[in-house]
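Hi,

Here is the structure I promised to pass on. Have a look at it first, and my notes follow below.

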Amino acid sequence: MSAPRLNVLFVCSRNQWRSPTAEQLWRRHPRLNVRSGGTSPSARHTVADADIDWADVVIVMEQKHKSRLVADFGALLADKPVHVLDIPDEYKYMDPELVELLEQSVGSLLNIE
């Protein structure tokens, strides 16, 4: 029997470049279900209660995203790991350097290849 898939929510500010790149990069991994969202009201998809409920693990690009999520969803996040990647907002969607950073950090963080 195969292991259950891990639900991973990737978060940045506007859900335009970093978190959608992470979602695209990891969406076909056999052990993961992935979504992305943003903390800004102007985000393509603003993180909602349903996203936090769904997620087993939340991965944010910067400390400010974690702070925002804890402020908005503190109780829902109480038993969930929230990891900060420290990836600054200086990459475009699918930027090769961003892809490499995400492959290295997320793979080792979640202990998957």
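Start with strand E3 (residues 57-60): three bridges join E3 to E4, and the two run parallel. Within that pairing, Val58 sits opposite Val82 in E4. Strands here are DSSP runs of E with at least two residues, helices are runs of H or I with at least four, and both are numbered from the N terminus. Two strands pair if DSSP finds at least two bridges between them.

A word on the source: this is a predicted model, where local features need pLDDT of at least 70, side-chain atom pairs count only at pLDDT 80 or more, and totals for chains, interfaces and linings use all residues. Residues are numbered from 1 along each chain as its sequence is written, and side-chain values use heavy atoms, with hydrogens and water left out.

Now the whole sheet: four strands make an open, parallel sheet in the order E2-E1-E3-E4. Strands E2 (32-38) and E4 (82-84) are at the edges with a single partner strand each, so one side of each has no neighbour in the sheet.

Helix H3 (residues 63-77) packs on this sheet and touches strand E1 (6-12), E3 and E4 (contact means heavy atoms within 4.5 Å). The direction of H3 makes about 155 degrees with that of E3; axes are lines fitted to C-alpha atoms, for helices over the stretch in contact, and angles run from 0 to 180 degrees between N-to-C directions.
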